[in-house]
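Please look over the sequence and the structure below before reading on.

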Amino acid sequence: MKRLLRRAVLGLLPAAVGCGEFTDPATRLAYELEAGAQRLGDVPGATLQLQHRTPSKAGECSGPYSVQLDKVGALIVWCKDAAGATVSSHSTSYHARHVDTPQTWLLDKAAGSPLLIELERRGDRAAIRRVD
(Lines give C-alpha, C1' and ligand atoms only; values in the text may rest on other atoms or scores of the structure.)
Protein backbone atom coordinates (compact mmCIF):
# COMPACT_ATOMS: atom_id res chain seq x y z
CA MET A 1 0.00 0.00 0.00
CA LYS A 2 2.80 2.45 0.86
CA ARG A 3 4.55 1.65 -2.42
CA LEU A 4 1.34 2.31 -4.38
CA LEU A 5 0.81 5.63 -2.59
CA ARG A 6 4.44 6.67 -3.23
CA ARG A 7 4.07 5.87 -6.95
CA ALA A 8 0.88 7.89 -7.13
CA VAL A 9 2.50 10.91 -5.48
CA LEU A 10 5.65 10.67 -7.61
CA GLY A 11 3.49 10.34 -10.71
CA LEU A 12 1.72 13.61 -9.93
CA LEU A 13 4.90 15.54 -9.07
CA PRO A 14 5.97 16.38 -12.65
CA ALA A 15 2.52 17.77 -13.42
CA ALA A 16 2.57 19.94 -10.30
CA VAL A 17 6.06 21.24 -11.07
CA GLY A 18 5.11 22.03 -14.66
CA CYS A 19 2.10 24.01 -13.46
CA GLY A 20 4.19 26.30 -11.28
CA GLU A 21 3.11 24.81 -7.95
CA PHE A 22 6.74 24.49 -6.75
CA THR A 23 8.35 27.40 -8.59
CA ASP A 24 9.54 30.84 -7.58
CA PRO A 25 8.92 34.29 -9.14
CA ALA A 26 12.07 34.17 -11.33
CA THR A 27 11.29 30.73 -12.72
CA ARG A 28 7.68 31.65 -13.49
CA LEU A 29 8.90 34.75 -15.36
CA ALA A 30 11.38 32.57 -17.28
CA TYR A 31 8.52 30.21 -18.26
CA GLU A 32 6.51 33.21 -19.46
CA LEU A 33 9.46 34.40 -21.57
CA GLU A 34 9.75 30.91 -23.07
CA ALA A 35 6.03 30.88 -23.95
CA GLY A 36 6.31 34.39 -25.40
CA ALA A 37 9.24 33.37 -27.60
CA GLN A 38 7.12 30.50 -28.96
CA ARG A 39 4.14 32.82 -29.64
CA LEU A 40 6.33 35.45 -31.32
CA GLY A 41 6.39 33.67 -34.66
CA ASP A 42 9.14 33.38 -37.25
CA VAL A 43 8.91 36.70 -39.10
CA PRO A 44 12.03 38.84 -38.48
CA GLY A 45 11.09 42.06 -36.69
CA ALA A 46 7.87 40.65 -35.20
CA THR A 47 7.18 41.93 -31.68
CA LEU A 48 5.15 40.73 -28.72
CA GLN A 49 4.51 42.46 -25.41
CA LEU A 50 4.28 40.39 -22.24
CA GLN A 51 2.65 41.67 -19.09
CA HIS A 52 3.95 39.71 -16.12
CA ARG A 53 2.36 40.24 -12.72
CA THR A 54 4.89 39.72 -9.96
CA PRO A 55 4.11 38.13 -7.68
CA SER A 56 2.43 35.59 -9.86
CA LYS A 57 1.32 33.53 -6.88
CA ALA A 58 -0.87 34.67 -3.98
CA GLY A 59 0.96 35.56 -0.77
CA GLU A 60 4.40 35.57 -2.35
CA CYS A 61 6.44 38.71 -2.96
CA SER A 62 3.55 40.99 -1.99
CA GLY A 63 5.57 44.18 -1.51
CA PRO A 64 7.73 46.13 -3.92
CA TYR A 65 10.22 44.14 -5.97
CA SER A 66 13.24 44.53 -8.22
CA VAL A 67 14.00 42.60 -11.39
CA GLN A 68 17.30 42.20 -13.19
CA LEU A 69 17.50 40.74 -16.68
CA ASP A 70 21.22 40.44 -17.30
CA LYS A 71 22.93 40.29 -20.70
CA VAL A 72 24.97 37.31 -19.49
CA GLY A 73 21.76 35.30 -19.01
CA ALA A 74 20.75 35.80 -15.38
CA LEU A 75 17.23 36.67 -14.28
CA ILE A 76 16.92 37.79 -10.65
CA VAL A 77 13.87 38.86 -8.65
CA TRP A 78 14.25 40.52 -5.24
CA CYS A 79 11.09 40.62 -3.10
CA LYS A 80 11.02 43.48 -0.60
CA ASP A 81 8.99 44.57 2.39
CA ALA A 82 7.18 47.92 2.66
CA ALA A 83 10.37 49.57 3.94
CA GLY A 84 12.33 48.36 0.89
CA ALA A 85 14.39 45.69 2.66
CA THR A 86 14.94 42.49 0.67
CA VAL A 87 13.00 39.58 2.19
CA SER A 88 13.80 36.99 -0.49
CA SER A 89 15.57 36.64 -3.80
CA HIS A 90 15.10 34.22 -6.66
CA SER A 91 17.18 33.60 -9.77
CA THR A 92 17.36 31.46 -12.88
CA SER A 93 18.98 31.35 -16.30
CA TYR A 94 16.37 29.03 -17.83
CA HIS A 95 14.97 31.77 -20.10
CA ALA A 96 18.35 32.18 -21.85
CA ARG A 97 17.64 28.98 -23.80
CA HIS A 98 14.78 30.75 -25.55
CA VAL A 99 15.40 34.51 -25.38
CA ASP A 100 18.49 36.66 -25.91
CA THR A 101 19.10 39.60 -23.58
CA PRO A 102 21.22 42.12 -25.53
CA GLN A 103 21.65 44.47 -22.56
CA THR A 104 21.17 44.45 -18.80
CA TRP A 105 17.98 45.89 -17.29
CA LEU A 106 17.49 46.55 -13.57
CA LEU A 107 14.05 47.80 -12.54
CA ASP A 108 12.46 48.70 -9.23
CA LYS A 109 8.71 48.05 -9.24
CA ALA A 110 5.99 49.12 -6.82
CA ALA A 111 3.95 46.48 -5.03
CA GLY A 112 1.46 44.89 -7.41
CA SER A 113 2.73 46.69 -10.51
CA PRO A 114 3.19 44.56 -13.63
CA LEU A 115 6.46 44.02 -15.44
CA LEU A 116 6.18 44.78 -19.16
CA ILE A 117 8.60 43.01 -21.49
CA GLU A 118 8.67 43.47 -25.25
CA LEU A 119 10.14 40.65 -27.32
CA GLU A 120 11.38 40.97 -30.90
CA ARG A 121 12.28 38.30 -33.46
CA ARG A 122 15.91 38.81 -34.48
CA GLY A 123 16.98 36.18 -36.98
CA ASP A 124 16.07 32.77 -35.60
CA ARG A 125 15.96 33.93 -31.96
CA ALA A 126 13.65 35.99 -29.77
CA ALA A 127 15.33 38.91 -28.03
CA ILE A 128 14.22 41.20 -25.23
CA ARG A 129 13.73 44.60 -26.85
CA ARG A 130 12.39 46.65 -23.94
CA VAL A 131 11.58 46.22 -20.26
CA ASP A 132 9.42 48.53 -18.18
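The backbone nitrogen of A26 lies 2.9 Å from a polar atom of the side chain of D24, which is a polar contact in the sense used here (a pair of N or O atoms within 3.5 Å, where within protein one must be able to donate a hydrogen and the other to accept it, and residues adjacent in sequence count only if both atoms are side-chain atoms). The side chain of D24 also reaches the backbone nitrogen of T27, at 3.0 Å. This is a predicted model, in which local features need pLDDT of at least 70 and side-chain atom pairs count only at pLDDT 80 or more, while totals for chains, interfaces and linings use all residues. Residues are numbered from 1 along each chain as its sequence is written, and side-chain values use heavy atoms, with hydrogens and water left out.

D24 itself lies in the loop between helix 1 (2–18) and helix 2, where helices (H or I, at least four residues) and strands (E, at least two) are DSSP runs numbered from the N terminus. The C-alpha atoms of D24 and S91 are separated by 8.4 Å, although the two residues are 67 apart along the chain.

Helix 2 has 15 residues and reaches 21 Å from its first C-alpha to its last, close to the 21 Å expected at 1.5 Å a residue, the expected span being 1.5 Å times one less than the number of residues. Its buried residues (under 20% relative accessible area with a 1.4 Å probe, protein chains only; exposed is over 50% and partly exposed in between) include L29, A30, L33 and A37. Helix 2 is followed by G41, whose phi is positive, near 90 degrees.

In one, 4 strands form an open sheet in the order 4-3-2-6 with antiparallel pairing, two strands being paired if DSSP finds at least two bridges between them. The edge strands here are strand 4 (86–92) and strand 6 (105–109), each of which pairs on one side only. Strand 3 (residues 75–80) is joined to strand 4 by 6 bridges, and V77 has H90 as its bridge partner in strand 4.

In the other, 4 strands form an open sheet in the order 1-7-8-5, and the pairing is mixed; strand 1 and strand 5 (99–100) are its edge strands. Strand 1 and strand 7 pair in the antiparallel sense over 7 bridges, with E118 of strand 7 as the bridge partner of Q49.

Helix 2 lies across strands of both sheets, where contact means heavy atoms within 4.5 Å. It runs at about 135 degrees to strand 3 and at about 160 degrees to strand 1, with axes fitted to C-alpha atoms, for helices over the stretch in contact, and angles running from 0 to 180 degrees between N-to-C directions.
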